[in-house]
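Me: Hey, can you walk me through this one? I'm new to it.

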Amino acid sequence: MSASLDIRLKRANKVYYEGEVLAGVVVLVSKEAVQHQGISLTMEGLVNLQLSSKSVGVFEAFYNSVKPIQLITSNIEVVKPGKIPGGKTEIPFEFPLHTKGNKVLYETYHGVFVNIQYTLRCDMKRSLLAKDLTKTCEFMVHCQPQKAKIVPTPVEFTITPETLLNRSSLPMFLIRGNLDATNCVITQPLTGELLVESSDVAIKSMELQLVRVETCGCAEGYARDATEIQNIQIAEGDVCHGLPIPIYMVFPRLFTCPTLETTNFKVEFEVNVVIVLHDDHLITENFPLKLCRL
C-alpha cells in the first residue's frame, strides 16, 4: 500500500520575513485508508559552519565551536493518531516566524563554509510493519529591508603596470573604469564601465568575478576563506581602444545575502575586475562590496 506525503506552502516564491506566518497544507495521497500514529510538523532554522581543509589542523579547538547554531525551532502535532481515508487529504497548518529570546533570523544563504537554511519537515509515524513517511521542504527567509536611504559610493579606478603589486616584465597598458556603487542593493545589478585607453599587447578577455569571503571563528582564531560565486565575461578578444564597455552583474539568489557580521561568523562579498592578456597574464583589481536589502 503506497501513500505519499507532500508539503505545499501558500506562497509560490517561498519567501518569508521575520514575524510573518508560514502557512500551507500537508497533502496525503493514498489509494486506501491509512492507519497512522500521528502526523507532526517541525520547522527549523540552522546556521551550519564548516572548516576548510587548510584550517582544520590549525584550530583543533574549533571543533567545539563549529556546532550548528540554531536560530528557530518549533514543532506541532497536525493530526492525532488514527486513520486517514483513501484519496487525497489536505491538512492546513500555520507557523508564526518568531524567535525566542534575542535571536535574529539571518537571511537564507548557501555558501561553502557558512550555510543558513530554513526547513519544514513533516513526519507521519506508522505501525512497526509500515514505513514512516517523511517529507522536507526548504523555505527562504529575507531579513527586514533597511528603512534608511543608501548613498551610492561610486569608485573610479585606473589600472597600469605601476598600480599593480607584481609588476615584473609587464607590457605597457592603461585601463580606466568605474563602478556606480560599492554599497549595493542586493535586488539591483552591479553596474559600471570599463575602457581600454591603450595596450601594447592584445587583450584576450575581460571578466567580472563575484567572490564570497566567509569567516568562521571563535576565541582561538578565525578561518577566512574566499571562493568564487560566479564569473561573467564582459568582453572577448582585443577590444577597441577608447570604447566604453558596460559592467552589469545581477546578484544571484541564495548564493548572496546582505553583508552579515556576527560573533561566530562573517559573510562578505567582493568583486574582481579581471583582464586576461594574450599570453594568459592575469591583471586583477579587487573591490569590497557591501550588500543590503532596501
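Me: Where is Asp280 in the chain?
Reply: Asp280 sits in the loop between strand 20 (265-277) and strand 21 (282-292). Strands here are DSSP runs of E with at least two residues, numbered from the N terminus. Keep in mind that this is a predicted model: local features need pLDDT of at least 70, side-chain atom pairs count only at pLDDT 80 or more, and totals for chains, interfaces and linings use all residues. Residues are numbered from 1 along each chain as its sequence is written, and side-chain values use heavy atoms, with hydrogens and water left out.

Me: And what's the phi of Asp280?
Reply: It is near 65 degrees, a positive value in a residue other than glycine. Most residues other than glycine have a negative phi.

Me: Why does Asp280 count as partly exposed?
Reply: Because its relative accessibility is 48%. Partly exposed is the range between buried (under 20% relative accessible area) and exposed (over 50%), using a 1.4 Å probe and protein chains only.

Me: OK, what about Leu254, where is that?
Reply: Leu254 is in the loop between strand 18 (245-249) and strand 19 (260-261). Its phi is near 75 degrees, again positive in a residue other than glycine. Leu254 counts as partly exposed because its relative accessibility is 25%.

Me: Which residues lie nearest the centre of the largest pocket?
Reply: Leu254 is one of them, along with His142, Ile186, Arg253 and Arg293, out of 15 lining residues. A pocket is an open set of points on a 1 Å grid over the protein atoms alone, where a 1.4 Å probe fits, with protein on both sides within 12 Å along at least five of seven lines; lining residues have an atom within 4 Å of a point.

Me: How much space lies in that pocket?
Reply: About 200 Å³. That volume is the space filled by probe spheres set on the grid points, which are joined across faces, edges and corners.

Me: Switching topic: which residues touch the most other members of the largest nonpolar core?
Reply: Ile116, Leu120, Phe139 and Met206, in a core of 75 residues. Strand 20 gives the largest share of this core, seven residues. A nonpolar core is a set of buried Ala, Val, Leu, Ile, Met, Phe, Trp, Tyr and Cys residues joined through side-chain atoms within 4.5 Å.

Me: What is Leu120 in contact with?
Reply: Leaving aside neighbours within four places in sequence, the partners of Leu120 include Ile7, Leu9, Phe93 and Phe139. Contact means heavy atoms within 4.5 Å.

Conventions. Helices (H or I, at least four residues) and strands (E, at least two) are DSSP runs, numbered from the N terminus.
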